[in-house]
Amino acid sequence: MLTKESAHFHSQVSARMLELSVGLPSPSQQVVEKLLAGQGLRRTLVEACAGHTPAAALPPVVTHFAVRAASIVELLHLASQLHEDAGTEVELLTRVALFGLAAKEAAELGQTVSETVAATAADLARGQLLDVQRTFDSGFSLSDYEELARQKTGQLLRLACVLGGQVAGRSLADLEVLGRFGMELGAAVQTLDDAFELELALGGPEEARELAGAYFRRALAQLDELGDEQVRERIVVVARTEWVKLQ
């Protein structure tokens, strides 16, 4: 259940995404509007890593940049969804436009953000290529899958955590911690999403859930090195809440 402040943050992110898509042709805007429903974890991670806790709301200036950072993450996510759904020509062209909007928004937030987003976009594309390879490769191993899980959802959640930390001015050491946490959490989420296919490879549902749980525990362990205790506790609550929903 979102707090009042978090619900407002989520609505601000959706509003920013719609604002960014105004220049797109009407069919592309409709695609964006349709995909906006059901988004949550990524923008919540941005907000939490930026420093929002139940005891401390974000300062207005940090909220402004966090909203824009979360919009970038969500635009990349929407683009990746369009890849997975294949879709019409309009959807495929909209995917290209969404990557462009994310890049433009990142550039306006400065070189550091822009470089971080560009690197993530490249890794996401690589993850999507690995996903296509998995479809046609009967010899796709478990280690191959682990790389795929990190390059897809792992990279996206890593970006959410790192951008949230960047807009809050966190240290390089903390950004590294947040990045590792996001990567492992993403691998856990992706593994649960692919549970049926993994059951076939691992031998059963228990083995698939065990692998996902190992990723999740590894994600939480990364946070032991985070300098801000209140932020660490908030991120753990966000992760555990989402994990329960996914079971």
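Visitor: At what angle do α2 and α5 pack?
Guide: This is a predicted model, to start with. In it, helix α2 (residues 26-35) packs on helix α5 (residues 89-108) at an angle of about 80°. Their axes are 9 Å apart. An angle from 65 to 115 degrees counts as roughly perpendicular, so α2 and α5 are roughly perpendicular to each other.

Visitor: Which residues in α2 and α5 meet?
Guide: From α2, they are P27, S28, V31, V32 and K34. From α5, they are V90, E91, T94 and L98.

Visitor: And what classes does that contact have?
Guide: The contact of α2 with α5 has five nonpolar residues, two polar ones and two charged ones.

Visitor: Zooming out, how many helices and strands does the protein chain have?
Guide: It comes to 11 helices and zero strands. Along the sequence the pattern reads α-α-α-α-α-α-α-α-α-α-α.

Visitor: What percentage of the residues count as buried?
Guide: The protein chain has 247 residues, and 52% of them count as buried.

Visitor: What about contacts between residues 24 or more positions apart?
Guide: Take the contacts with a separation of 6 or more. Residues 24 or more positions apart account for 74% of those.

Visitor: What follows α3?
Guide: G51 does. Its phi is positive, near 120°.

Visitor: How do α3 and α11 pack?
Guide: Helix α11 is residues 229-246. It packs with α3 at an angle of about 170°, and the axes are 9 Å apart. Angles over 145 degrees count as roughly antiparallel, so α3 is roughly antiparallel to α11. The crossing of the two is right-handed.

Visitor: Which residues make the contact?
Guide: On the α3 side, L41, T44, L45, A48 and C49. On the α11 side, V231, R234, I235, V238 and E242. By class, the contact of α3 with α11 divides into seven nonpolar residues, one polar and two charged.

Visitor: What does I235 touch?
Guide: Leave out residues up to four places away in sequence. Then I235 touches A48, C49, L178, F181, L223 and L226.

Visitor: Which residues have the most contacts inside the largest nonpolar core?
Guide: L45, F181, L185 and I235. That core has 65 residues. Its largest share, 12 residues, comes from helix α4 (residues 60-85).

Visitor: How does α1 pack with α3?
Guide: Helix α1 (residues 4-20) and α3 pack at an angle of about 115°, with axes 10 Å apart. Their crossing is right-handed. E5, S6, F9, H10, V13, S14 and M17 of α1 make the contact with R43, T44, V46 and E47 of α3.

Visitor: How does the contact of α1 with α3 divide by class?
Guide: Four residues are nonpolar, four are polar and three are charged.

Visitor: New topic. Is T120 buried or exposed?
Guide: T120 is buried, with a relative accessible area of 1%. It lies in helix α6 (residues 111-136). Residues up to four places away in sequence aside, T120 touches Q155 and L159.

Visitor: Where does Q155 lie?
Guide: In helix α7 (residues 142-167). Q155 is buried too, at a relative accessible area of 6%. Leaving aside neighbours within four places in sequence, Q155 is in contact with T120, D123, L124, R150 and M183.

Visitor: And D224, buried or exposed?
Guide: D224 has 62% relative accessibility. The cut-off for exposed is over 50%, so D224 counts as exposed. It lies in the loop between α10 (205-222) and α11.

Visitor: How far is D224 from V177?
Guide: Their C-alpha atoms are separated by 8.7 Å. Along the chain, D224 and V177 are 47 residues apart.

Conventions
Residues numbered from 1 in each chain as written. Predicted model: local features only at pLDDT ≥ 70, side-chain atom pairs only at ≥ 80, totals over all residues. Heavy atoms only, no water. Helix = DSSP H or I, 4+ residues; strand = E, 2+ residues; numbered from the N terminus. Core = buried A, V, L, I, M, F, W, Y, C linked by side-chain atoms within 4.5 Å. Buried < 20%, exposed > 50% of the residue type's maximum accessible area, 1.4 Å probe, protein only. Contact = heavy atoms within 4.5 Å. Axes fitted to C-alpha atoms, helices over the stretch in contact; angles between N-to-C directions. Parallel < 35°, antiparallel > 145°, perpendicular 65-115°, else oblique. Left-handed = near helix turned anticlockwise from the far one by under 90°. Nonpolar A, V, L, I, M, F, W, Y, C, P; charged D, E, K, R; others polar.
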